[in-house]
Amino acid sequence: AYRTGLRDNALFAAINAVLMFFCFCLTPIMVFRQKTSLNEQTGQLTKINFKEQYSFLFSADMAFSRYLAIAALLGIGLLMGIATFRFITGKKTVNVYYSLGIKRTRLFTAKYLSGLTLVGLSVLVPMLVALFINLAVLGANKYLFTSFFYLLIGMFSLVAFSYTLTATVFATVGTAFEGVLFSGILLLLPQMLLTSLQVFIQNLVLGTPLGSDFVPASNYVGETLQVT
């Protein structure tokens, strides 16, 4: 059951690995490939010393790619859970599995661990590639490894949560439609609750600063500096 789980669902792990490579490996590759920079004062090309600029580099500011990373981790966890435990919702397949003489707890554990292994590898492999790129250019330092483990544990926790939640739902419902529906609702529930709470506070709590921006914005009009 564990081996077949790895074999049948490797595609989703590969998709997630490609997306994580795009988010966390592409930036260091593009930055570190530039060996020289133009000195504006002298007009000459000078060699870039990346060790003076970076302790580590896994991504840029992630203004938009962070949404891609979060959506990919949640989505792949959901898809992996559906693909791994879809046999439970089919009468023919579930009868075949349960007639093999393996206990249901062992069957669930084997299938669950196969999916958890795949989602873990889909995060670990791209991050290891990014780590080796950083080590080759910047060398080893505590900030590099701290950042690496922070990102690795955070992303694995997110995809593992999505996968575990979907697996639990599929183990307790009767049809694939119910599994997908309830898994999606439970995954989005925290965001829906927080969004609803924010809307209620902004509209019902008079004088609340929630949602207000107090950062001063300065702009030049002619020779006069105005602060708004």
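User: At what angle do helix H5 and helix H8 pack?
Analyst: The model is predicted. Two packed helices are described by the angle between their axes and the distance between the axes. Here H5 spans residues 65-85 and H8 spans residues 142-170. Their axes lie 8 Å apart, and the packing angle is about 35°.

User: Is the crossing of H5 and H8 left-handed or right-handed?
Analyst: The two helices pack with their axes 8 Å apart. As H5 passes H8, the crossing is right-handed.

User: Which residues of H8 make the contact with H5?
Analyst: H5 brings Ile70, Leu73, Leu74, Gly77, Leu78, Met80, Gly81, Ile82, Thr84 and Phe85 to the contact. From H8 come Met155, Leu158, Val159, Ser162, Tyr163, Thr166, Ala167 and Phe170.

User: How many nonpolar residues does the contact of H5 with H8 have?
Analyst: Leu73 of H5 and Val159 of H8 are among the residues that make the contact. By class, there are no charged residues and five polar ones. The nonpolar count is 13.

User: Where is Val123, and is Val123 buried or exposed?
Analyst: Helix H7, residues 104-138, holds Val123. Its relative accessible area is 0%. Buried means under 20%, so Val123 is buried.

User: Which residues does Val123 touch, not counting residues up to four places away in sequence?
Analyst: Leu73 of H5 takes part in the contact with H8, as do Met155 and Val159 of H8. Val123 touches these three residues too.

User: How many Å apart in space are Val123 and Ile153, C-alpha to C-alpha?
Analyst: Val123 sits in H7. In sequence, Val123 and Ile153 are 30 residues apart. In space, C-alpha to C-alpha, the separation is 9.3 Å.

User: How many disulfides does the structure hold?
Analyst: A disulfide needs two cysteine sulfur atoms within 2.5 Å. For Cys23, the nearest cysteine sulfur is that of Cys25, 9.5 Å away. For Cys25, the nearest is that of Cys23. The number of disulfides is zero.

User: What is the relative accessibility of Cys25?
Analyst: Cys25 lies in the loop between helix H2 (10-24) and helix H3 (26-32). Cys23 counts as buried at 3% relative accessibility. Cys25 also counts as buried, and its value is 0%.

User: What separates the C-alpha atoms of Cys25 and Ala130?
Analyst: Not counting residues up to four places away in sequence, Cys25 touches Met20, Phe58, Pro126, Val129, Ala130 and Ile133. Ala130 is 105 residues from Cys25 along the chain. Their C-alpha atoms are separated by 5.0 Å.

User: Is Phe64 buried or exposed?
Analyst: Phe64 has its place in the loop between helix H4 (50-53) and H5. Its C-alpha atom is 10.0 Å from that of Cys23, 41 residues apart along the chain. The relative accessible area of Phe64 is 70%. The cut-off is over 50%, so Phe64 is exposed.

User: Which residues is Ala140 in contact with, leaving aside its neighbours within four places in sequence?
Analyst: Ala140 is found in the loop between H7 and H8. At 60% relative accessibility, Ala140 counts as exposed. The contacts are Leu135 and Phe145.

User: What pattern does the protein follow, read along the sequence?
Analyst: The secondary structure comes to nine helices and four strands. Read along the sequence, the pattern is α-α-α-β-β-α-α-α-α-α-α-β-β.

User: What share of the contacts with a separation of 6 or more comes from residues 24 or more positions apart?
Analyst: The protein has 228 residues, of which 31% count as buried. Among contacts with a separation of 6 or more, residues 24 or more positions apart account for 70%.

Methods: Residues are numbered from 1 along each chain as its sequence is written. This is a predicted model: local features need pLDDT of at least 70, side-chain atom pairs count only at pLDDT 80 or more; totals for chains, interfaces and linings use all residues. Side-chain values use heavy atoms; hydrogens and water are left out. Buried means under 20% relative accessible area, exposed over 50%, partly exposed in between (1.4 Å probe, protein chains only). Contact means heavy atoms within 4.5 Å. Axes are lines fitted to C-alpha atoms, for helices over the stretch in contact, and angles run from 0 to 180 degrees between N-to-C directions. A crossing is left-handed if the near helix is turned anticlockwise from the far one by less than a right angle, and right-handed if clockwise. Ala, Val, Leu, Ile, Met, Phe, Trp, Tyr, Cys and Pro count as nonpolar, Asp, Glu, Lys and Arg as charged, and the others, Gly among them, as polar.
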